[in-house]
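Work through the exercises below with the model open. Try each task before reading its solution.

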Amino acid sequence: MKNQRKIRPNLTNYDVIEILEKELREAEKRIFKKTILAVGTGVVCLILFITIFVQSNSSMIRDYAAEAMRKSFEAERAVHIIDEAAGTNFLEQAKDRQ
């Protein structure tokens, strides 16, 4: 508590209220600064967590995507082989309809 004026030995109610209001304003400023610091720290930690999580799983996701593409190409090739072997030419007919 920093007092800018000398406290008289016989304090009045007004003096006490004035001192308490000043202390409350200072406490509110300190609480506001701590709250802003806590919220800022939380946001930074959340961003850091998301960044680390995405970076650590990006290679696995890329592998899954590559595997899915490879299997879809294999399935498409198998459909063409079956279509040609059966002699139905369903794929050609479907292309003609579009």
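The exercises that follow use a predicted model.

**Exercise 1. Helix packing**

Task: Decide how helix 1 and helix 2 are oriented to each other, and find which residues meet.

Solution: 
- Two packed helices are described by the angle between their axes and the distance between the axes.
- Locate the elements. Helix 1 covers residues 13–86, and helix 2 covers residues 90–97.
- Read the geometry. The angle is about 105°, and the axes are 8 Å apart.
- Apply the cut-off. Angles of 65 to 115 degrees count as roughly perpendicular. Helix 1 and helix 2 are therefore roughly perpendicular to each other.
- List the contact. Helix 1 brings V79, H80 and D83, while helix 2 brings F90, L91 and E92.
- Sort these residues by class. The contact has three nonpolar, two charged and one polar residue.

**Exercise 2. A residue at the contact**

Task: Is D83 buried or exposed? Which residues does D83 touch beyond its neighbours within four places in sequence?

Solution: 
- D83 belongs to helix 1.
- Check its accessibility. The relative value for D83 is 9%. Buried means under 20%, so D83 counts as buried.
- Collect the partners. With neighbours within four places in sequence set aside, D83 contacts T88, N89, F90, L91 and E92.
- Link back to the packing.

**Exercise 3. The aromatic pair**

Solution: 
- Recall the description. A pair of aromatic rings is described by the distance of the centres and the angle of the planes.
- Count the pairs. The structure holds one.
- Check the spacing. F49 and F53 are four residues apart in helix 1, about one turn of the helix.

**Exercise 4. The annotated stretch**

Task: What does the chain form over residues 35–54?

Solution: 
- Consult the record. An unreviewed UniProt entry lists residues 35–54 as "transmembrane region".
- Compare with the model. This stretch is 100% helix and 0% strand.
- Note the span. Its end C-alpha atoms are 29 Å apart.

**Exercise 5. Distances along the chain**

Task: How many Å separate E23 from I61, and Y64 from L48?

Solution: 
- Take E23, which lies in helix 1. E23 is partly exposed at 32%.
- Pair E23 with I61. They are 38 residues apart in sequence and 56 Å apart, C-alpha to C-alpha.
- Take Y64, also found in helix 1. Y64 counts as exposed at 59%.
- Pair Y64 with L48. They are 16 residues apart in sequence and 24 Å apart, C-alpha to C-alpha.

Technical notes:
Residues numbered from 1 in each chain as written. Predicted model: local features only at pLDDT ≥ 70, side-chain atom pairs only at ≥ 80, totals over all residues. Heavy atoms only, no water. Axes fitted to C-alpha atoms, helices over the stretch in contact; angles between N-to-C directions. Helix = DSSP H or I, 4+ residues; strand = E, 2+ residues; numbered from the N terminus. Parallel < 35°, antiparallel > 145°, perpendicular 65-115°, else oblique. Contact = heavy atoms within 4.5 Å. Nonpolar A, V, L, I, M, F, W, Y, C, P; charged D, E, K, R; others polar. UniProt positions renumbered as here; feature names shortened; annotations may be inferred. Phe/Tyr/Trp six-rings, centres within 6.5 Å; stacked < 30°, edge-to-face > 60°. Buried < 20%, exposed > 50% of the residue type's maximum accessible area, 1.4 Å probe, protein only.
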